[in-house]
Amino acid sequence: MHKLLVIMPAYNEAESIGNIIPAVKKNLPSADILVVNDGSKDATAAIARRLGALVTDLPYNMGIGAAMQTGYSYAALNNYDIAVQVDADGQHPPDQIPFLIQPIMEQKADMAIGSRFLGNGNYRPSLARNIGIRIFSMLLSAITSQRLTDTTSGFRAVNKGVIKFFAKNYPEDYPEVEAIVLLRKARFNIIEVSVKMEARIGGKSSITPLHAVYYMIKVLLAVLIDILKKVER
Amino acid sequence: MHSIQIVAIIISLGILISVVDLIRRGMLKEQYAILWLASAVVLLVLSMWRGLLDNIARATGIAYPPSLLFLVAFLFLLLIVLHFSVIISSLSEKNKKLSQEIAIFKTFFEEHKKEGGKNEHRKGF
């Protein structure tokens with residue numbers, strides 16, 4: 001039996017977290033849920049505790065990368081076999097998690113990324129977002145020499161090896177894209193899985209249109225630096 | 001002795017005395033003071049030893065020797081600021097690790113307390 005942890009970083013997600021935790025429990029009764037409360041000012045942590053999730057309160061708002069890494073450290077310290085990243089804002093439907101876990105359990109890959117663009121996805125991004133997503137996909141496909149369609153997707157499952165790696169090395173600002181590069185440099189295998197995603201229930205995207213260009217440049221720079229970085233497994 | 005030389009000597013001595021005093025009073029750790037000490041000593045030597053300054057200036061094609069002092073001071077400042085950036089990066093990494101560990105151990109403690117509570121309850125019955 002695999003020990004499974006669902007890591008849910010949350011910053012002011014009181015609106016949506018009350019729906020998402022029961023939905024995860026319904027779909028994965030045997031999994032533990034860890035909400036990493038990244039300095040929320042609303043009732044996020046209280047709601048999560050009431051619904052029976054494990055809650056880790058970060059002492060101040062540390063950002064998505066540090067919050068996610070906290071989840072991975074917890075998973076490593078507690079010897080979990082598989083960890084799944086799920087957004088607390090409701091855009092990652094819990095009924096899709098089994099599709100992510102399956103290739104990990106079958107040892108087909110070290111990390112499975114839920115892609116909105118593979119197969120019969122129904123997601124149609126705006127033009128600007130689409131261009132950004134295409135540029136990242138081309139760049140990351142070239143770096144990893146494998147076809148990747150949804151590099152910014154934060155809907156992911158990883159095995160024990162990656163849990164330990166992420167507990168030691170996890171990028172900070174916009175970690176999804178960078179994490180792929182680091183994993184690849186450490187010779188882990190990545191696979192994409194077709195999933196359906198939903199429009200978020202509450203809160204707002206960490207990327208507003210105004211920040212889109214800034215985000216792109218910053219991630220591109222970070223990826224270039226990651227290519228130069230020394231990565232130890 | 002030119003007045004510029006006197007000004008340079010006074011400034012270099014001032015830096016040196018301030019740095020030594022800060023170390024003495026425990027307000028500046030030695031590892032962060034080394035670059036400051038080195039820059040103060042080098043500037044002092046170059047200000048007092050006019051012949052050396054003139055020779056280096058001639059060898060490097062600097063027309064006005066005292067401006068070599070500015071160059072040396074500027075390079076030391078660059079080095080000191082770079083050193084700070086490295087230290088800040090390492091401090092922020094340590095701060096992150098520390099905060100994460102505290103958060104995780106608080107969660108462990110909470111879980112442990114909950115389970116401990118349950119067991120005591122059971123014993124009571």
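This is a predicted model: local features need pLDDT of at least 70, side-chain atom pairs count only at pLDDT 80 or more; totals for chains, interfaces and linings use all residues.
## Where the chains meet

Chain A puts 20 residues in contact with 13 residues of chain B. Together the two chains bury about 1300 Å² between them. Of that buried area, 55% is on carbon and sulfur atoms.

A salt bridge joins A:Arg49 to B:Glu110, and their closest N and O atoms are 3.0 Å apart.

## The side given by chain A

Three elements of chain A give two or more residues to the side that touches chain B: β3 (54-57), α3 (64-77) and α6 (160-168). The largest share comes from α3(A), with six residues. Sorted by class, this side of chain A has 11 nonpolar residues, five polar ones and four charged ones.

## The second largest pocket

The second largest pocket holds about 440 Å³ of space. It is lined by 22 residues, and the closest to its centre are A:Pro171, A:Glu172, A:Glu178, A:Asp226 and A:Lys229.

Both chains take part in this lining: α7 (175-185) and α8 (209-228) of chain A and α4 (66-124) of chain B each supply at least two residues. The largest share, six residues, comes from α8(A). By class, the lining of the second largest pocket has 11 charged, nine nonpolar and two polar residues.

## The cavity

How many cavities of 30 Å³ or more does the rule count? The count comes to one. About 50 Å³ of space lies in the largest cavity.

The residues that line the largest cavity are B:Ile4, B:Gln5, B:Ala8, B:Leu46, B:Ser47, B:Arg50, B:Leu53, B:Pro66 and B:Leu69. Four helices of chain B give two or more residues each to this lining, namely α1 (3-24), α2 (30-48), α3 (50-60) and α4. Among these, α1(B) gives the most, with three residues. The lining of the largest cavity divides by class into six nonpolar residues, two polar residues and one charged residue.

Key: Residues are numbered from 1 along each chain as its sequence is written. Chains are lettered from A and ligands numbered from 1 in the order in which they are written. Side-chain values use heavy atoms; hydrogens and water are left out. Contact means heavy atoms within 4.5 Å. Buried area is the accessible area (1.4 Å probe) that two parts lose on being put together, summed over both. A salt bridge is a side-chain nitrogen of Lys or Arg within 4 Å of a carboxyl oxygen of Asp or Glu. Ala, Val, Leu, Ile, Met, Phe, Trp, Tyr, Cys and Pro count as nonpolar, Asp, Glu, Lys and Arg as charged, and the others, Gly among them, as polar. On a 1 Å grid over the protein atoms alone, a cavity is a set of points where a 1.4 Å probe fits but cannot get out, and a pocket is an open set with protein on both sides within 12 Å along at least five of seven lines; lining residues have an atom within 4 Å of a point. Grid points are joined across faces, edges and corners, and a volume is the space filled by probe spheres set on the points.
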